[in-house]
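Please look over the structure shown here and read the report alongside it.

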Amino acid sequence: MSVFLRASKSSLMSSNAAGILWREKATRIVQTTTRRVQFSSSTTKTAEKKVVSEAAASTEGGLLAFPKNHPFLFQLMVATGKTSAADVVCQVVAEKKKFSEIDWKRNGIFVIFGFAYLGGFQYWLMVNKYRQWFPTMDRFAKLPFAQKLKDSAGMLDAGKMVLFDILVHLPFIYFPTYYTIKESVFGKSWNPVDWAVDGVTKWKGNFSEDWAATIKVWGPSDCVQFVLPLWMRMPFRHGVSFFWTAYVSFSRGAKVPDEETEAVQVIKAES
């Protein structure tokens, strides 16, 4: 009887031990499976995030790669196209002309001016020369906006750029050049000296009105432009210049009749 009890007890203990081992093994299997599922899920989410971020970077790179890698060429195309487009919009919308009535000779002034002056000379002045005159420009342009506000030297140079633009560049370089180019298109003489003389005469006559408009538009605009990253500055300026060009086109773009033409018109009106 005692032998039977010992055998039963031993069998029960073996059975319990086997059960414990089986449960431990099952627990390990469940834990391993759970970890694999969690790892697989985490890997999938990481892969998805990577794909999304790469797609976003690819899209951003595709949209901004050309302006960043070719800033001069990009802004040259923008300057030429928007200047011509602004004049066309002004003639059609403000002056109520039909498309067939557009003055393409007048539009040619803006194409030449947009390409040569706004896209060429202005880039040379505001990027190449400003870099020499205002040594903090490149460093300041790369800073986040919050750090720009703490950079007193960079802010001072940015302020100098604004003042140079509205006190020197626009009133004494931009407008005389524009009026001279206008005379080269509309003037009767083929002599460049006459273009310059007549252009400067018109510049002097319109100086006060032109400069007042310059301060109202380009003063606030320059305060934004000269804190932007370098590659963005000229395209931003050309964007503002679209509306500025429309103003110049409306107020200064049309041919001004000379005294002889006006006299003939008066005689016809009286008769």
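Predicted model: local features only at pLDDT ≥ 70, side-chain atom pairs only at ≥ 80, totals over all residues.

Residues are numbered from 1 along each chain as its sequence is written, and side-chain values use heavy atoms, with hydrogens and water left out.

**The core.** A nonpolar core is a set of buried Ala, Val, Leu, Ile, Met, Phe, Trp, Tyr and Cys residues joined through side-chain atoms within 4.5 Å, where buried means under 20% relative accessible area, exposed over 50% and partly exposed in between, with a 1.4 Å probe and protein chains only. The largest such core has 34 residues, of which I109, F113, Y130, Y174, Y178, F226 and W244 touch the most other members. Two or more residues each come from α3 (104–133), α4 (137–142), α6 (152–186), α8 (207–225) and α9 (230–253), and α6 gives the largest share, 12 residues. Helices here are DSSP runs of H or I with at least four residues, numbered from the N terminus. Apart from its neighbours within four places in sequence, Y174 is in contact (heavy atoms within 4.5 Å) with F113, Y117, L118, H169, W244 and V248.

**The rings.** Rings of Phe, Tyr and Trp (its six-membered ring) pair if their centres lie within 6.5 Å, and planes under 30 degrees apart count as stacked, over 60 as edge-to-face and the rest as tilted. The whole structure holds 27 aromatic pairs, one of which joins F242 and F243 edge-to-face, at 5.5 Å centre to centre and with 85° between the planes. In this pair F242 is partly exposed at 24% relative accessibility, whereas F243 is exposed at 62%. Ring pairs also link a cluster that includes F113, Y174, W218 and W244.

A charge sits over a ring if NZ of Lys or CZ of Arg is within 6 Å of the ring centre and within 35 degrees of the ring normal; the table gives two cases.

| Charged residue | Ring | Distance from ring centre |
|---|---|---|
| K148 | F140 | 5.6 Å |
| R237 | W218 | 4.4 Å |

**Helix α7.** In α7 (residues 192–205), W195, G199 and W203 are buried. Seen down the axis of α7, the buried residues fall within an arc of 60° (taken from the directions from the helix axis to the C-beta atoms), so they line one face of the helix. Their cover includes α6 and α8, while V193, T201, K204 and G205, on the other side of α7, are exposed.
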